[in-house]
Amino acid sequence: MTQATGTPLGAFDATDAPSMDGLRACVHCGICLPQCPTYRVLGEEMDSPRGRVYLMRAAAENRIGLTPTMARHLDLCLGCRACETACPSGVPFGQLLEATRGQMERRGIAAPGRDRSTLRFLLDVFPHPARLGAMLHGLRMYQWSGMQALVRGFGLLAPFKKLQAMEALLPPVPAPTAPLPEVIAPRGPRRGRAGLLLGCAQRFFYPDVNADTARLLSAAGYEVVTPRSQECCGALHLHAGHVDELRAMARRLIPLFRDVDVVVANAAGCGSALKEYAHWLPDDAARLFSERVRDVSEVLAGCDLPLRPLRETVTYHDACHLAHGQRVRAEPRELLRRIPGLTLVDLPDSELCCGSAGVYNLLEPEMAGELGRRKIARIRETGARVVAAGNPGCLMQIRQHCRAQGLAVEVVHPVTLLARALEER
Ligand code: SF4
Ligand code: SF4
């Protein structure tokens, strides 16, 4: 909920001010604190959900201004929304955070030393597949030429901490693949038309996940429509508080999926943003669009898939924007359990953020690194050979930290395992 445009709220101006009702919903019980990754690492009240809501409310009541110190506490927040899951009072933390970040961003209020240029660069590149494709072509050459091995082997980026963190995250950049056909026919009895969102990271780093998603949907009886002209959904912009950019992207994307029964996302961050379009664009087109958005696991869980045995021990990490953002927890696990021969073992703290959080791990490498190390320690305890997670950012972060800590596991999207097990009818 945001305050209606035209109504300033204390230190907040009238454009997308956070909701006073949402801020007042916090009863300071502290139940959210143990679920908050930054509070678990730092143990500081102002780096907890309760502390952050306190700051936002104090600004809304004009007791404090929007200051660089407050910006720092909000910068450290992962936007993981674990606090929303824990909160018995229904505090809409994600929307409060996004609205507050939006106000600070527009007014140029930033913590001292905040790297705004890296964020701006990423937000400018990601929405444009042509720009992102060109940048990744250069990075592919860097990897294939052997330069990456030299840089890593000699630690050449060690003096440049942020650049080193970014480089370490880079997964092998696959060669460009042929685009998916715009329409794939259903196999078996027809269930309807599914529109597939390609995502930005997904389409370039994990094109196989999109191909597998289309194959599974077709096997489940969907005609799969993949509009070629689709660009970024704006998830990164929303989470960084660039709400106007999200609106512009949403307005371009929504009409492309007008004629489908369900809009399918296979990246948790994208799916969560698509489901929130209705909040940020209060019109019928956005509402009708958001109502049709589903994570791929929600769609496939309702379908009959012919699966052959796959002898693997798998553990499942809950991507924050799937578990907390979309409340999707049971469906991916249920699908994995359906694969004959597959053993699913519980991951302790599976809902604790791995530190990826969109571009957070590029902007806050220290906190992201600590959370990554903690996640790998939990994964190691399971003894699983495979880790599944439904978000490309989590796949990159967990892979990088497995590599850094010498844990030899395969890190994949759940649809990869389902597609491996899929029997051709
Ligand atoms: S969104 Fe995540 S990091 Fe931020 S306050 Fe809530 S639990 Fe903590
Ligand atoms: S659980 Fe909810 S009500 Fe309790 S302190 Fe956290 S945000 Fe406030």
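In which loop is Ala357 found? Ala357 is found in the loop between strand S7 (343-345) and helix H20 (360-363), where helices (H or I, at least four residues) and strands (E, at least two) are DSSP runs numbered from the N terminus. The structure is a predicted model, in which local features need pLDDT of at least 70 and side-chain atom pairs count only at pLDDT 80 or more, while totals for chains, interfaces and linings use all residues. Residues are numbered from 1 along each chain as its sequence is written, chains are lettered from A and ligands numbered from 1 in the order in which they are written, and side-chain values use heavy atoms, with hydrogens and water left out.

Most residues other than glycine have a negative phi.

| Residue | Phi | Loop |
|---|---|---|
| Ala357 | about 50° | between strand S7 (343-345) and helix H20 (360-363) |

Ala357 is partly exposed, because its relative accessible area is 26%, and the scale calls a residue buried under 20%, exposed over 50% and partly exposed in between (1.4 Å probe, protein chains only). Ser218, in helix H12 (residues 207-219), is buried, with a relative accessible area of 4%. Not counting residues up to four places away in sequence, Ser218 touches Ile184, Ala185, Pro186, Arg187 and Val224, where contact means heavy atoms within 4.5 Å.

A nonpolar core is a set of buried Ala, Val, Leu, Ile, Met, Phe, Trp, Tyr and Cys residues joined through side-chain atoms within 4.5 Å. The largest such core has 79 residues, of which Leu300, Leu336, Ile339 and Leu417 touch the most other members. Leaving aside neighbours within four places in sequence, Leu336 is in contact with residues that include Val314, Tyr316, Ala388 and Leu417. A second, separate core of 28 residues includes Leu9, Phe12, Val53 and Leu97.

The residues around ligand 1, each with a heavy atom within 4 Å of the ligand, include Cys36, Cys77, Cys80 and Cys83. Helix H3 (49-60) and helix H5 (82-86) are the elements that give two or more residues to this shell. The shell around ligand 1 divides into 9 nonpolar, 1 polar and 2 charged residues, with Ala, Val, Leu, Ile, Met, Phe, Trp, Tyr, Cys and Pro counted as nonpolar, Asp, Glu, Lys and Arg as charged, and the others, Gly among them, as polar. Around ligand 2 the residues include Cys26, Cys29, Cys32 and Cys87, and that shell divides into 7 nonpolar, 3 polar and 1 charged.
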